[in-house]
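Please walk me through this structure.

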Amino acid sequence: MFALADVNSFYASCEKVFRPDLRDKPVIVLSNNDGCIIARSKEAKRLGIKMGVPWFQLKEMQFPEPLITFSSNYELYASMSHRFVSHLEEMATRVEQYSIDECFVSLQGLGKYISYEDYGRQLREHVYRGTGLTIGVGMGPSKTLAKSAQWASKEWHQFGGVLALTECNPRRTEKLLSLQPVEEVWGVGRRIGKRLNTYGITNALQLAKMNPAFIRRNFNVVLERTVRELNGEACISLEEAPPAKQQIVCSRSFGKRIIAYDELRQAICQYAERAAEKLRGEKQFCRQIAVFVKTSPFSSEPYYGNVASEKVQIPTRDTRDIIAAAISALDRIWIDGYRYAKAGVMLNDFTPTGVSQLTLFDENPPRERSEQLMKVLDGINHSGLGKVWFAGRGIAPDWQMKREMLSPAYTTKWSDIPRASI
Amino acid sequence: MSDINFITPADSPDLMQLPLFVDRASCGFPSPAADYTESELDLNEYCIKRRSSTYFVRAIGNSMHDIGLHSGDLLIVDKAEQPQHGDIVIAEIDGEFTVKKLLLTPRPGLQPMNPAYPTLWPDPDQLQIFGVVTAFVHKTRGKG
């Protein structure tokens, strides 16, 4: 048996934990650059506010009560996410973090001692007591069914946020699957959902009743696995250690359009720096560094987007090598006269060690004591005491992400901790 | 500059890395304390029972003088702790956090630790406790 625990309206709920004045208020959280809505509290959902609506549209609208709006405070969300996972780990033997606000929990061997629903309610209570965040818990014999149960626990409030689909109650499972639209099934999505519709499959139960061999022939082996999982056969196991990454991408939309080369170069420098730091966090070396730039595809101006990559002879994770390669890639695709909206750096072709055969005509011999220097760099930057960075990134760039309605970093910065009057 | 360069050993030889043998060759009496080494004391361990449910809160105001809690002190708050009669708690009053002593009998109340302030008797259904203050830190030097 598996459980899927997810935090209700995660970003909006994090914003409320340290703001008792917002308890029953509609709260929304905006995406990067304060673009569109990515989280809504239940009060905001009740006002009919939809996900993905651009902020500038919503700003003009009138609501019976004022909307409380926040920019994304990723420092706060990461800290609260970590606390949420720790609380699950205190009550479960095996936990897989699936996303910032979702975890799979193994319930193996638990059914003999406690009813699954009682356990789900205990998890819910435990997380709420320690974090102030409310979770929903769906349980089932496979991860896909756990996910379906969690979907249903959100859809029907009478379950109180906890629902178990067990083998001893197959009718309940059938009933629920017959009500779940097929594109809501874990791993299906809108595109495959549409194709399934053309075969007359509109709900999860119909998909579950399909012949797995037919699905494999007409779709793929992944969807075949989904069919088996919907029938209670656990095909996807818990991944406690996430597999080593094959690619690292660091990209962002700019707070304003960039027209000057120097500014774009600063941005690329910063993303290269961040990507190199992530690469070291993954304990990998890379051999290929790619850079992409693009203008906004939505505006009326002419569109330009391009990507270039550089190969390094010796696998590296030295920020200096990665910045140098990224800049030379940028120089190949930069064209004057466009208003750039987004850029990014991608690292590919990883190896776990920096070992490789040296060549006689190598242009970039390995740098001396690179490992130690990077260690010092990361050590300073992770200490929370201050930051050091490469000068290429500039001092106070004004293309930086816009976060005008940012809340304090309540749990990660001494100057931002909540205050209480005595 | 002369035409002939004498090659002499460098004044400061290049840094050379040598392995450090942790097992020392015993030349003399071995340290009698070596087998008793413990890790240093950790203030977190002393103040914090449950890391994942502990939050830090800054105290502002002067209603708690009698227990030695002053404005600017750091409160260590365990949100998962079950609030009991007599606990110092962070309560939510009128949309703000406030630090008071929790009374559960004869009826729920919030008592300041300073006679100049009155005890509050909030509606029991409205009384929300953010967490229990398990310790506080008062700096005597280098505030802030």
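Helix 11 of chain A is followed by A:Gly232. The phi of A:Gly232 is positive, near 90 degrees. Helices here are DSSP runs of H or I with at least four residues, strands are runs of E with at least two, and both are numbered from the N terminus.

This is a predicted model: local features need pLDDT of at least 70, side-chain atom pairs count only at pLDDT 80 or more, and totals for chains, interfaces and linings use all residues. Residues are numbered from 1 along each chain as its sequence is written, while chains are lettered from A and ligands numbered from 1 in the order in which they are written.

Stay with helix 11, residues 221-230 of chain A. Its buried residues are A:Leu223, A:Glu224, A:Thr226, A:Val227, A:Glu229 and A:Leu230. A residue is buried if 20 or more other C-beta atoms lie within 10 Å of its own, exposed if 12 or fewer, and partly exposed in between, with C-beta atoms placed from the backbone. What do these buried residues of helix 11 pack against? Their partners in chain A are helix 6 (143-155), helix 7 (170-179), helix 8 (189-198), helix 9 (204-208) and helix 10 (212-218).

Now take chain A as a whole. It has 14 helices and 13 strands. Of its 422 residues, 37% are buried. The C-alpha trace spans about 70 × 60 × 45 Å along its principal axes. Two residues are in contact if their C-beta atoms, placed from the backbone, lie within 7 Å. Among contacts in chain A between residues at least 6 apart in sequence, 67% join residues at least 24 apart.

A:Tyr74 lies in helix 4 (residues 74-91) of chain A. Why does A:Tyr74 count as partly exposed? Because it has 15 C-beta neighbours inside 10 Å. A:Tyr74 and A:Ala409 are 335 residues apart in sequence, yet 8.8 Å separates their C-alpha atoms in space.

Next, chain B. There, 24 residues are in contact with 16 residues of chain A. On this side of chain B, strand 1 (54-60), strand 3 (88-93) and strand 4 (96-103) each give two or more residues. Strand 1 of chain B gives the largest share, six residues.

Strand 1 of chain B also pairs with strand 13 (residues 419-421) of chain A, in the parallel sense, over three bridges. Two strands pair if DSSP finds at least two bridges between them. Within strand 1 of chain B, B:Ala59 is the bridge partner of A:Ala420.
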